[in-house]
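Student: I would like a close look at one part of this model, the packing inside it. Please take me through it step by step.

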Amino acid sequence: MGSFGDITKVDTSGASEGTARQDKLSVHGVDASHKMAEHDLTRMNRYKELITRVGQKLGMDPAIIAGIISRESRAGAALDHGWGDHGNGFGLMQVDKRYHKIEGAWDSEEHLSQGTGILIDFILKIRAKFPSWPKEHQLKGGISAYNAGDKNVRTYARMDVGTTGGDYSNDVVARSQWFKTQGY
């Protein structure tokens, strides 16, 4: 699963205070990201087999797919009949209908394949944009771009400026690292 970099080697500051407040946490940073991922684990486990299958099929670490699902939809808990983001985001991975033709049911393998494919496309765009960055930096940049687009990623240190909560890639990386410890 290392063709896009090793998620366990990506540095992260975790969730911002604002993101941590979603779960009424008094901590922020990596601890908050881990706690939010833990809150999503029971729901996430319903999709573990699908996530693993899609990850293996597309060469993406299932822990990263789980990290995005946790952040985007709280493993489905934040969705209304599969929709979020004021009716623009669809499914566990919140594929934006304004930019993509929606594929599959909100919790289907087809949906997870589409969302993971979008993530991979962004990682490849960041790889092309910053060829001298180590794979782990390109991976984190691709995660940031999944939320705010590849044009938003300008420097490694400030890649979350302009993302939702100003912490998107840092939070997803920390959640992904936690899911990795849970067998994803």
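Tutor: We will go through helix packing, then some side chains, then rings and loops.

This is a predicted model, so local features need pLDDT of at least 70 and side-chain atom pairs count only at pLDDT 80 or more, while totals for chains, interfaces and linings use all residues. Residues are numbered from 1 along each chain as its sequence is written, and side-chain values use heavy atoms, with hydrogens and water left out.

Start with α2 and α7. Helix α2 covers residues 30–45 and helix α7 covers residues 168–181. (Helices are DSSP runs of H or I with at least four residues, strands are runs of E with at least two, and both are numbered from the N terminus.) The two axes come within 8 Å and cross at roughly 55°. That angle makes α2 oblique to α7. (Axes are lines fitted to C-alpha atoms, for helices over the stretch in contact; angles run from 0 to 180 degrees between N-to-C directions. Under 35 degrees counts as roughly parallel, over 145 as roughly antiparallel, 65 to 115 as roughly perpendicular, and the rest as oblique.) The crossing of α2 past α7 is right-handed. (Right-handed means that the near helix is turned clockwise from the far one by less than a right angle; left-handed means anticlockwise.) Which residues of α2 and α7 meet? From α2 they include His34, Met36, Ala37 and Leu41, and from α7 they include Ala174, Arg175, Trp178 and Phe179. (Contact means heavy atoms within 4.5 Å.)

Now bring in α4. The axes of α2 and α4 come within 10 Å and cross at roughly 105°. The two helices are therefore roughly perpendicular to each other. Met36, Ala37, Asp40 and Met44 of α2 make this contact, with Ala66, Ile69 and Ser70 of α4. Met36 and Ala37 also meet α7.

Helix α4 has another partner. Residues 62–73 form α4, and residues 135–148 form α6. These helices pack at an angle of about 30°, with their axes 12 Å apart. Their crossing is right-handed. On the α4 side, Ile64, Ile68 and Glu72 take part. They meet Leu139, Ile143, Tyr146 and Asn147 in α6.

Ile65 belongs to α4. Is Ile65 buried or exposed? Its relative accessibility is 0%, which means that Ile65 counts as buried. (Buried is under 20% relative accessible area, exposed is over 50%, and partly exposed lies in between, using a 1.4 Å probe and protein chains only.) Not counting residues up to four places away in sequence, Ile65 touches Ile51, Val54, Gly55, Met60, Met93 and Thr116.

Lys140 sits in α6. Lys140 is buried too, at 4% relative accessibility.

Ile126 lies in helix α5, residues 109–129. At 0% relative accessibility, Ile126 is buried. Leaving aside neighbours within four places in sequence, its contacts include Trp133, Gln138, Gly141 and Ala145. The C-alpha atoms of Ile126 and Arg154 are 9.6 Å apart, although 28 residues separate them along the chain.

Trp133 leads us to the rings. How many aromatic pairs does a search of the whole structure find? The search finds five. One of them is Phe130 with Trp133: a stacked pair, 4.0 Å centre to centre, with 5° between the planes. (Rings of Phe, Tyr and Trp, with its six-membered ring, pair if their centres lie within 6.5 Å; planes under 30 degrees apart are stacked, over 60 edge-to-face, and the rest tilted.) Phe130 is buried, with a relative accessible area of 14%. Trp133 is buried as well, at 15%.

Lys48 lies over the face of Tyr184, at 4.8 Å from the ring centre. Lys97 lies over the face of Trp83, at 5.6 Å from the ring centre. (The rule: NZ of Lys or CZ of Arg is within 6 Å of the ring centre and within 35 degrees of the ring normal.)

Finish in the loops. His81 is in the loop between α4 and β1. Its relative accessible area is 74%, so His81 is exposed. His81 has a positive phi of about 55°, although it is not a glycine. Asp85 is in the loop between β1 and β2. Asp85 is partly exposed, at 41%.

Notes:
A crossing is left-handed if the near helix is turned anticlockwise from the far one by less than a right angle, and right-handed if clockwise.
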